[in-house]
Amino acid sequence: MCKTTIDPLLDLSGKVAVISGGSSGIGYGTAELLALKGAVSVILDIDEEKGKEAVRAISTLGGKADFIKCNVTSDSDCRSAIESIAKTHGRIDILFNNAGVIRRKTVVDLEENEWDLVVDVTLKGAYLLSKYTVPVMAENGGGSIINTGSGWGLKGGDKAVSYCAAKGGIVNMTRAMAIDHGAQGIRVNSMSPGDIDTPLLHDEAKQLGQDDKSFMEEAADRPLARVGTPFDVAKAVLFFASPMSEWVTGTNLTVDGGGLA
């Protein structure tokens with residue numbers, strides 16, 4: 001019988017976590033939780049004001065956090081950010097590729113620049129940050145990479161063709177990375193949220209020209225009868241980031257209140 005207790009398996013003391021899109025929503029919720037579990041949460045985001053606010057909020061709660069302005073679609077930004085973190089902290093143990101945007105349009109209505117934005121922020125961003133993080137992790141004996149997928153990366157959704165394509169790519173990219181880097185002690189997993197109460201979800205209602213209240217009520221139509229919270233997803237990320245999942249790689253966890261059931 002396993003005699004270990006749960007708390008030490010969730011302890012991230014001494015770990016360094018990098019969270020893209022970490023100034024709000026799922027990213028902020030995760031940065032906060034990982035910091036409260038002992039990690040230094042380094043937030044990457046293009047919104048400098050909100051990023052610094054996030055750091056202050058985490059610090060007020062007793063956690064350790066830092067912010068680096070980073071456009072995840074830029075090779076130079078991603079390389080510079082990871083190099084800076086490695087130099088300052090000496091290691092990177094956790095990478096949460098979470099930055100993402102959505103455009104609620106069909107393939108006919110979607111403009112080329114909108115396709116590029118969604119795919120580049122989601123897929124290219126995960127590629128670039130992973131590209132520069134993997135060698136740092138490997139040098140320190142391994143780590144955990146977690147990618148944000150979506151329920152719409154597992155099934156189709158209406159008027160979200162670029163988002164569905166990008167999130168589907170994330171799920172299979174995760175499997176490929178797990179195969180490539182397992183021998184380096186690096187685990188790579190994804191989790192696919194359903195509708196989460198974040199600025200992105202409220203923006204979807206606006207894009208579709210729908211009443212926000214009605215849109216959120218419709219999003220809550222699932223077996224657990226509510227929209228998810230950033231903390232719901234953060235707990236799944238904590239599982240993948242911690243020793244709780246030390247023999248788990250190349251998998252996807254659906255966190256959607258039963259929406260795909």
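Predicted model: local features only at pLDDT ≥ 70, side-chain atom pairs only at ≥ 80, totals over all residues.
Residues are numbered from 1 along each chain as its sequence is written, and side-chain values use heavy atoms, with hydrogens and water left out.

**The strand pair**

Now select residues 143-148, strand β5. Strand β5 pairs with β6 in the parallel sense, over 6 bridges. Strands pair if DSSP finds at least two bridges between them. Strands here are DSSP runs (E, at least two residues), helices are runs of H or I (at least four), and both are numbered from the N terminus.

Next, select residues 186-193, which make up β6. How many of the residues of β6 are buried? The count is 8 of 8. Buried means under 20% relative accessible area, with a 1.4 Å probe and protein chains only. Ile186, Val188, Ser190 and Ser192 point one way from β6. Arg187, Asn189, Met191 and Pro193 point the other way.

**The whole sheet**

Show the strands together. An open sheet of 7 strands runs in the order β3-β2-β1-β4-β5-β6-β7, with parallel pairing. Select 64-69 and 252-255: these are β3 and β7, at the edges. Each has a single partner strand, so one side of each lacks a neighbour in the sheet. From one strand to the next, the twist averages 20°.

**Helices across the strands**

Select residues 48-60. This is helix α3, lying across β2 and β3 and running at about 175° to β3. Angles run from 0 to 180 degrees between N-to-C directions, and axes are lines fitted to C-alpha atoms, for helices over the stretch in contact. Contact means heavy atoms within 4.5 Å. Then select 75-89, helix α4, which lies across β1, β2 and β3 at about 160° to β2.

**A helix pair**

Finish with α2 (25-36) and α9 (230-241). Their axes are 8 Å apart, at an angle of about 55°. Among the residues in this contact are Gly25 and Leu33 of α2, and Phe231 and Lys235 of α9.

Methods: Buried < 20%, exposed > 50% of the residue type's maximum accessible area, 1.4 Å probe, protein only.
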